[in-house]
Amino acid sequence: MVQLGLIGLGKMGFNMRERLRAAGHEVVGYDRNPDVSDTTSLEDLVSKLDAPRIVWIMVPAGDPTRQTVTELSNLLSAGDMVIDGGNSKYTDDKLNADLLAAKNIGYADCGVSGGVWGKDNGYGLMVGGTAADVEKAMPIFDALRPEGPREEGFSHAGDVGAGHYAKMIHNGIEYGMMQAFAEGFELLEAAKVVKDVPAVIKGWQRGTVVRSWLLDLLVRALDEDPELDDLEGYVEDSGEGRWTLEEAINNAVPAPVISAALFARFASRQEHSAAMRAVAALRNQFGGHAVKKVGG
């Protein structure tokens, strides 16, 4: 049994706490929402953990994460460890690690994939950090990842920053896959020869080369709303797609599919389309991301 402090009990963090507890680990959580929090403050959370402590952060990327790391740097002790499991930009990780290293506090970054389904299915984990820090937290990673061979749901991607870099590229790929399904949906809807679009897409779930979890989620969305008419085709981007394209430019790597998918999201904010309704539906299905309802 491992003890863990978990900061941020939103859609992902709350389910991660439940999965860890089901695996027999002790999780002490903190959230600004007192209805879900186990503690009243970060200081209270740290006081309830036995040294050497491990604290996992699941708060929005950018300033909220940096501020949390800074506060923890003044509360934790030498030998403790912080894991950032949010969607931080990989360049933030060295800053966080250096701040904590000055006080001999370890740091690892962990890209987490699995959305709202991870509680039951497990989370795909991509970790950056030293071998010693990763090994220290391995019981936590093993409880969160899917059942089966560790290497099929967990990777130690490299040094600090590598985990978030890997997750950034993962999300860039996800953009392209979602866009391809969405455009196929729109083409099927536009074709007069196809009479039952949901049936066609459902028929792809077994035996075809495009079968995937994203396809299953599109089928689920169509079961709930066969023409996705209840949704507006307005799709946000949370940063990773843009960062992926920045890296493609910096490394002179062609990424036309990912760039087209990102630009399609920009276009979705200007016009209503069946393809972007499908992308909105997929994001809502796998991650619980907010969608705009027609007339809402």
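**Strand pairing, burial and exposure in a predicted model**

Strands β1 (residues 3-7) and β3 pair in the parallel sense over three bridges. This is a predicted model, in which local features need pLDDT of at least 70 and side-chain atom pairs count only at pLDDT 80 or more, while totals for chains, interfaces and linings use all residues. Residues are numbered from 1 along each chain as its sequence is written, and side-chain values use heavy atoms, with hydrogens and water left out.

User: Why are β1 and β3 called paired?

Analyst: Two strands pair if DSSP finds at least two bridges between them. β1 and β3 have three bridges, and they therefore count as paired. In this pairing I7 stands opposite I57. Strands themselves are DSSP runs (E, at least two residues), and helices are runs of H or I with at least four residues, both numbered from the N terminus.

User: What makes β3 and β4 a pair?

Analyst: β3 and β4 (residues 81-84) are joined in the parallel sense over four bridges, and W56 has I83 as its bridge partner in β4. From β3 the chain crosses through helix α3 (residues 63-73) to β4 in a right-handed β-α-β crossover. Right-handed means that, with the strands pointing away from the viewer, the path from the first strand over the helix to the second runs clockwise.

User: Which way do the residues of β3 (residues 54-57) point?

Analyst: I54 and W56 point one way, V55 and I57 point the other way, and all are buried. In a regular strand the side chains alternate between the two faces of the sheet.

User: Why is S88 called buried?

Analyst: Buried means under 20% relative accessible area, exposed over 50%, and partly exposed in between (1.4 Å probe, protein chains only). S88 has a relative accessible area of 3%, so this residue is buried. S88 lies in the loop between β4 and α4. Leaving aside neighbours within four places in sequence, S88 is in contact (heavy atoms within 4.5 Å) with A61, T65, H164 and W243.

User: How do you know that S88 and D84 make a polar contact?

Analyst: A polar contact is a pair of N or O atoms within 3.5 Å; within protein, one must be able to donate a hydrogen and the other to accept it, and residues adjacent in sequence count only if both atoms are side-chain atoms. The side chains of S88 and D84 make such a contact at 2.6 Å.

User: Is A252 buried or exposed?

Analyst: A252 has 69% relative accessibility and therefore counts as exposed. A252 is found in the loop between α11 (240-250) and α12 (256-268), and its phi is positive, near 55°.
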